[in-house]
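Notebook open. I wanted a look at the ligand site and the aromatic rings.

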Amino acid sequence: MALKNFSQFPLFQSHIDWAHYLWRQVVRQGECVIDATCGNGHDTLILAQLSLEKDQGAVYAMDIQESAIENTKLLLKATLQRDIYQRVRFFQTCHSRFPNEIEDRKIALIVYNLGYLPGSSKELTTQTETSLMSIQNAMMLLKDGGCISITCYPGHAEGEKEEEQVLLLCASLDPQKWSCCHHRWVNRKKSPSLLWIQKESMPKH
Ligand SMILES: C[S@@+](CC[C@H](N)C(=O)[O-])C[C@H]1O[C@@H](n2cnc3c(N)ncnc32)[C@H](O)[C@@H]1O
């Protein structure tokens, strides 16, 4: 997102633009990242472009729906070079538990785009309980200074409950160890929002 043209209104379109801008600030080539809700792969593609090199970096793409995993594979295959594409690992599973092979990695960024896939069944939306479990597990995977990006959609009933509970979780975190920030359009009713969590980074002496 380029913030050069100040005549543009609004300056950036949405919570998603804002999230992508922040991802670009924190992810370096060669790092490991997770897309915990890969959907149609748009977010996974950006994460892959930011983190993957020929022989370094890893992207773990998770989704509970087979069609989401397939759509993400199609998009990435069509866009990325073969050796880069091969560094993306796909998991069709609920994100409440992370696959074992991720557990010993130090993760720079974990991304959640909550809710349901536009154009598919609204029944297949993320659920408050499993999202909370997942975010708490994700916090344990982060490297020092690593971040979690969560886009929330309070425009539907489960999304409203989910956002409320995730905010409560964030508000309870020790401020010496976690930095949590919430971005919302204040003059748009039930607008989507972006929650950003960062793990403390030990100063290097
Ligand atoms: C808003 S969409 C994600 C959009 C996606 N990031 C993109 O760029 O296209 C939310 C996704 O979360 C997935 N999902 C729902 N519950 C899940 C769960 N428990 N574990 C993993 N994925 C889940 C849905 O299948 C859906 O694809």
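This is a predicted model: local features need pLDDT of at least 70, side-chain atom pairs count only at pLDDT 80 or more; totals for chains, interfaces and linings use all residues.

Numbering starts from 1 along each chain as its sequence is written, and side-chain values use heavy atoms, with hydrogens and water left out.

Ligand: I looked up the neighbours and got 22 residues around the ligand, the closest being Thr37, Asn40, Asp43, Asp63 and Gln65 (near means a heavy atom within 4 Å).

A polar backbone atom of Thr37 is 2.9 Å from a ligand nitrogen. For Asn40, a backbone N or O atom lies 2.9 Å from a ligand oxygen. Asp43 uses a polar side-chain atom, 2.8 Å from a nitrogen of the ligand. On its own the ligand has 600 Å² of accessible area (Shrake-Rupley, 1.4 Å probe), and the protein covers 95% of that.

Rings: I searched the whole structure and found three aromatic pairs (Phe, Tyr or Trp rings, the six-membered one for Trp, with centres within 6.5 Å; planes under 30 degrees apart are stacked, over 60 edge-to-face, the rest tilted). Tyr85 and Phe90 have ring centres 6.1 Å apart and planes at 40°, so I logged them as tilted. Both Tyr85 and Phe90 are buried (under 20% relative accessible area, 1.4 Å probe, protein chains only).

Last, the charged end of Arg188 sits over the Trp185 ring, 4.5 Å from its centre (for Arg, CZ within 6 Å of the ring centre and within 35 degrees of the normal).

Conventions. Buried means under 20% relative accessible area, exposed over 50%, partly exposed in between (1.4 Å probe, protein chains only). A polar contact is a pair of N or O atoms within 3.5 Å; within protein, one must be able to donate a hydrogen and the other to accept it, and residues adjacent in sequence count only if both atoms are side-chain atoms.
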